[in-house]
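Please look over the structure below. The report that follows takes the chains in turn.

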Amino acid sequence: MPIASNASIKGIIGVAFCFASTLCVCADFRTPDFQQDILPLLETYCFECHGDKKIKGGVNFVEMTTEAKAQLHYKDWENAIQALHAGEMPPDAAEQPKASEVDLLKRWYQEVLVEQVIAKPALFQSRRLSAGEYRHTLTSLLGFDPEVAIMEAEQTQSETSLVLKLLPDDPPGESGFQNDTHKQPLTSGLWDQYAYITDSALNQLQDRGSPIWQKTLQYPWKNPEEAIKHITPLFQSFQRRAYRRPVPLDDSEHLASTIARASNPVAALKKELRVILMSPPFLYRGLLMDVTRDKPVLVDDFELAERLSYFLWQDMPDERLFQLAEQGLLHRKTILEKQIQRMLKDIKSRRLSEGFTTQWLGLGAMDSFARKQLPLAVSLKTQPIEFVHYLIHENRPLLELIDSRITFTNPHLAKHYAEDRKQIASYRKARGIELENIAHTRIELRHTPHRGGILTMPGILAMNRGPILRGNWILERILGDHLPDPPANIGQVQPNSQGKHLSFRERFSLHRANPSCAFCHDKIDPLGFALQDYNDQGGYQPWAKLPGKGKDRLTRTPIDTSGKLPSGETFENLIQLKKLLITVKGDQIIHHLTEQLMSYALCRKLEIWDQPSVRRISQAMHEEQAGWADLISEIAMSLPFTQTIVTSVKPE
Amino acid sequence: MNWRINRRSFLRGAAGALLPLPYLNLMEPTAQAARPAEPPLRFLTLLKPNGVHPPSWNIEGGAESDFRMSPLMRPFAHHKEDLLILDNMGDFGFSSHSNSTRRFLSGHHQHTQGPSIDQLIADRIGGETPHRSLELTTEGLFPNQVGCSYISYDRQGAPIPRESDPQLIFDRLFRNPMSHPRKRQEMRSLLDRVNEDASALSRRAGYEDRQVLDQYLSVVRETEQRLEHIQVSSGPRAGIQGHKRPGRPSNLDEQVDAMLDIIALALWTDSTRCITYMLGNSNSRMIFDFLGVKEQHHYLSHFFRNFSRSNIDGLLKISLWHMEKFAYLLDRLKGYQDHHGSLLDHSIVLFGSGMGHSDNHTATRIPTILAGKGKGSIRTGRYLRFSENQQLGRLHLTLLEHFGINQTSYAGSTRPLPGLDGSPYEAYTERPFASWIRLEGDTLTVQGRLRLSDDLSEAKVFYVDVEGKKPIRVEVAFKDFHRFNLAYHCGTPVILQGLCSIREGVPLLHKITKLTSLFGKKPGSQNG
């Protein structure tokens, strides 16, 4: 999605304008019209591969019959314009557009799909709590996490949370994040699971003699009127927390009187609690928000509190947020900012680091390591999470993601850190324990600078074996450049023929000589081959074994890790590449990170009208060399996060 | 930093296909079994993890109906008349943990594409009960070798999810919310209330919210309809009154007892007739702190590799606990009257492991015990030591026959195992040897079978059995124990010479000067 360098494209387009105006004095500066100007060009140059007979790379221009439809596919347009700009599309073998035509397309894109887009909030959609959100909400509400009644053994996996055990995993939504549950309907199977969990939780509540239970049942028995007075505030508080907003007083009074007058108060209490925990406003987010319909408005204070707490904590708001919401103060910038800072300091913000990092970087791919050694696999997977958590927690500059002097390691991973491993406490496993999970310790990379940043963490390297997967991972996850799937008939890289000692890179360059491969591989390869000093297990091994002189001798040969980015910059090794990523690609990396984080915060896929906010934030962050907490804060105060439109009729 | 990585992501990650999760089906209506006129035959298995410590497990010498239970068998010695102890079961060679787990119920470690016998049996007899079968365990998944966590496999040889939470199983069996009258009533009133509330909410809602609420209301209506169509039971199922839902266990012992209680109750109430239960993964990493043992079971089970006196003591404590659990299960099964006998009389219980020696992983002399008379088809109270190694598949073929499943072969075995019903079989014959004692001054020489003390709390004490005389007690310093490798010679006839003292009128060998193995077995050539 290389809007990459929106700024740089803009600059180049500006230059193009100058040329255009000198070459063609009669240049027309009205905004190009989609039907009149753009569609004919698409027909001529693009339809053949992208719509008519084939739909290459999943891009279908034939579908985009109107400007509105083109807007829906704004991501495809970002890619298309960049490819056009780089001369990658249309491919060399096909008919090439004239310079004026290229210019027309770029202008139309820039004006219609970038500059004229007006930021507006998305339509409001309530959604079911994800399994994790439901679990944490229930835990906060009741004061305990309903557990499964089993003992745990080391090195085995069993689900101890009853909620997680019984609720199916949330598949990633359109946004790619699991908290995007919009397309996950309630089913009767799920209903049964909720009912069972609720029952279990209420039994455990009774057994534990929790406050709501005990206090409610301590009411003055003799006098129902007194009892109602006693129970009403208890229920009002419980309902407010369960529904994440206050309920009308008569609602709570009604519940209180039902219990106070019941012949079996315990059963009545249980029943009322069960109704609350199974009702839509508990299971769903945002059902009770009451704002002016059909126009952009600020979400109300309670919705804002909920958005904040589920974004930063995966949990319901705490008492402080409730209070501020009740006072109507939460939308005030200074107060909002202060709350965000407070919430990020809370231990619960780890759920943001874990949830976001895992899904954004695709760390789920490391789950297959679990077959080797569970504690090792856990160490590999938690290392990047720990690192990102540190970046957020200490508000480190955004681009320290790429290079940093700080990392986290534990004895399972210590071998990758040479001298620096001395900074972690020596570990001796207890007698009779074969392997165990060990927490990470923060270390400073004094002797192993080649390990700085996320790209060279052993787990990240090991989950992407080989230069192609690694290059593609960086493009997709860090730079946000999503490439189409490779064609099915790519074949294998040929082994060395007898007597030849070509390196993998040399043999690969023969393999990819086909010009149609170059479009993607020019992007993938320089990034991937720069990481060739790291082996499949993520170990640092800056040499290859190649047959040397004498019989059966292997010599260590340095590996060629140099490369050239499609934009022209060259580098000798990974250290230089990292510098380039930070300097030349910094804006692109921050743009992508902003998009991802915003998508996670909003629990939905971003739309074109979110893009102005994304661009504004990412540019400001880049210019200010802002930190991770700053970015989170900006997103939580942005228009898409704080505003909405509630429709009263079906939107078109 | 006290946190854990989200285990769920591991459980349900890329390895998902290999790590099936239990589908609990807590609310699915289940049929009520009518009390049959004749007692049904049940099949139950109990896996003992990590093989055994052979010197304490193996029975040496003795005859089919006149034998001495080994020290490890003492916890269930009072059930001797209900047991058929099989010896010389196994395969050639060594076995990984994962292979041995497969072997236990699938007959052979290479039988990976077909069903385990419990599943064949469940297919045959499971249709008549509310629950076809139960697959239970104690421990979580061991992802390094997934195979260690499963003994039950479906027809494609894929592992069947198992459940370890006694409360969930209890609810699934006995508190089915859909058929339980009180639960139905609760659910009905819940549905009424939420229906009312959601409808009221829907009238005020915006467009998108109405979509969500409609979806919610349609699920409520669907659940109401399901409730209407389920056959209602007349009350709690016969027999479970007085049985409380298990509480949250505070240690493994309580968890396993709770599960064993449920197993017996499930069989007795005819909720199911086929259950498999693993006392742990076959390479169990469990720590038995409630026994005062701090080391992981698997570490201790390598008693030779990780040799120390205290490790052996720890291992034996754990092994005895496994045996106590087996005894407890048999107690429970005997405690239930079933028609004109006990539940155990109408069951076949298979207890054992998939490997023999827990340190060197040999697959020979795999501990295998059948308990219960199988409605008269099994002649218990005997010890069968076969002349040669018998593949478990042969036993399985025979067990299938007992359940009316006649196959020509199972897991590569084509001949059923003889002898279970009292039919003739080829028994192991030991080379005869004489036993005697000679005392010259304070030097004692004794010839006889060396064995471990019956009391495993003094597992460093050995005895030499001498016919017609009291056994000679051997209690030596660690140096001698180690130098003469007493544990290794356990079960075999030896000539032992050493210094002797008399304690309480009984001769005691306290210093060994010479040990000769009578038949000259070389180390490593024999189990133990």
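## Terms and basis

Contact means heavy atoms within 4.5 Å. In chain B, residues 24 or more positions apart account for 73% of the contacts with a separation of 6 or more.

This is a predicted model, in which local features need pLDDT of at least 70, side-chain atom pairs count only at pLDDT 80 or more, and totals for chains, interfaces and linings use all residues. Residues are numbered from 1 along each chain as its sequence is written, chains are lettered from A and ligands numbered from 1 in the order in which they are written, and side-chain values use heavy atoms, with hydrogens and water left out.

## Chain B

Chain B has 13 helices and 15 strands. These are DSSP runs, numbered from the N terminus: helices are H or I with at least four residues, strands are E with at least two. Of its 528 residues, 61% are buried. Buried means under 20% relative accessible area, exposed over 50%, and partly exposed in between (1.4 Å probe, protein chains only).

The accessible surface of chain B is about 20800 Å², and carbon and sulfur atoms hold 49% of that. Areas come from the Shrake-Rupley method with a 1.4 Å probe; for residues, only the protein chains shown count as cover.

Chain B splits into domain 1 (7-175 + 239-289 + 317-402), domain 2 (181-229) and domain 3 (436-517). Such bounds come from an automatic or database domain assignment. The C-alpha centres of domain 1 and domain 2 of chain B are 43 Å apart.

## Chain A: overall build

Chain A has 27 helices and 10 strands. Along the principal axes, the C-alpha atoms fill a box of roughly 95 × 75 × 45 Å.

Buried residues make up 55% of chain A. Among contacts between residues at least 6 apart in sequence, 69% join residues at least 24 apart.

The domains of chain A are domain 1 (6-115), domain 2 (127-285) and domain 3 (362-484 + 512-582). The C-alpha centres of domain 2 and domain 3 of chain A lie 44 Å apart. Their contact takes four residues from domain 2 and eight residues from domain 3.

Why is helix α26 (residues 628-636) of chain A described as largely enclosed by the rest of the structure? Seven of its nine residues are buried. Among them are W628(A), L631(A), I632(A) and I635(A).
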